[in-house]
Each structure stands twice: as C-alpha cells, then as structure tokens.
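Please open the structure in your viewer and keep the selection panel at hand.

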Amino acid sequence: MTWTSYRNRGEILRTVIATADARRDGLLPWDVEGVAESFGDELNLLGALQLRWHTRLAGRIERELMARPMAFENAVVDAWRATAAEMPGIRAIVDHHRAEPLDEQMARALDKATAKERILLAVMAGQASAHDSGAAAVGARIEEKARAGWLLAPVPDEPVGHTGLHASILGRLRAVRAAFAA
C-alpha cells in the first residue's frame, strides 16, 4: 500500500465514521465513495471500525484510570460509556453485526473481538488477568453495567458527508454549551 492510498483509506474511514455517526442505523455505510475500493468487503471495513473502537476504548480507559486510580471498575465503565458516546455509529454497527453477522466468518471475527474487548475490560478493572479463563465473563458483566447506564444521543438532523463531520462537531459543541447554560 502506497502512502497516498493509505492516506486516502484513512480519509475514507473518517468519512465512514462520520456517516455512521450521523445515521446510527447499525449498517455499514457501504455507499460512501471509495469504500469498496479501499476495503474490499464488509468484513475488512468492519474490522477497521472495530480496531478504531478498541483503540479509542483502550486509550479512554487509560485516561480514566489515571484520573481515578483507585476506582478501577467505575473508571472502566465510564470509559466505555464515554467511548460509546464519542463513537455512536461504530458502536451501533458493531452491535448490529454482532447480533446479525453477514456470514460465519464475520460471526467468528466478532466473537473473537468481543472476547478480547471483554478481557480488556476485566483486566483494566482489576478483576482478572488476561489469562484467566473467566476473564471474558467478568468483562461481559462490566460491559452490561456500562450499557445499563448508557444513553444514546438522538440522531442529529444535520447533513452527512465531509461537512457532516464538521456539522456534528459543531452540533456537539452547541449541545454542550446549551447544557451548561441550562
């Protein structure tokens, strides 16, 4: 992969994420220009989105634990919720395809990614080691707790596309300002 195609793939992925955040329907935005050429198939696109989610979640957990070093589980739960709020489109896509994978290969890939995410949650909450056979189950309980208190923000009425990314950021800033003004 050349630098130009890598950079273009990154741009396309950012557009996919902005589109997913705007739609929040759980469907892969395969209609975004350049997606088919850059990712080849749904599993590759889903894998890129899953990686983006996992990376952001891990970073958010680290920041939460630095801010509250003795509140392990609460920090992990809050990090999951904050990441889901930042990336509602990806969360919706992953959840949808976890429940309704397109094929057996996607189901296996998502099962593996889910187990790894849950192990991360358990380990970072200080409730298991990465090699514990029950770590994924502990992480599932933590994920369930995070989901129980997570509220998905309503879908914005703004246009989708390159300007949609900026519009959604602007919309988020307006919502924050309105929340503090109330």
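**The whole chain**

Begin with the surface display of the chain, whose accessible surface comes to about 10,300 Å², with 58% of that belonging to carbon and sulfur atoms (Shrake-Rupley method, 1.4 Å probe). This is a predicted model, in which local features need pLDDT of at least 70 and side-chain atom pairs count only at pLDDT 80 or more, while totals for chains, interfaces and linings use all residues. Residues are numbered from 1 along each chain as its sequence is written, and side-chain values use heavy atoms, with hydrogens and water left out.

Switch to a cartoon, and the chain shows eight helices and zero strands (DSSP runs, H or I of at least four residues for helices and E of at least two for strands, numbered from the N terminus). Of the 182 residues in the chain, 38% are buried, meaning under 20% relative accessible area with a 1.4 Å probe and protein chains only.

**The second largest pocket**

Next, select Leu43, Leu46, Gly47, Gln50, Leu51, His54, Ala109, Leu110, Lys112, Ala113 and Lys116, which line the second largest pocket. Helix 3 (42-67) and helix 6 (104-124) are the elements that each give two or more residues to this lining, and helix 3 provides the largest share, six residues. Colour the lining by residue class, and it divides into six nonpolar, three polar and two charged residues (Ala, Val, Leu, Ile, Met, Phe, Trp, Tyr, Cys and Pro count as nonpolar, Asp, Glu, Lys and Arg as charged, and the others, Gly among them, as polar).

Note on methods. 1 Å grid on protein atoms, 1.4 Å probe; cavity = no way out; pocket = protein on both sides within 12 Å on 5 of 7 lines; lining within 4 Å. Buried < 20%, exposed > 50% of the residue type's maximum accessible area, 1.4 Å probe, protein only.
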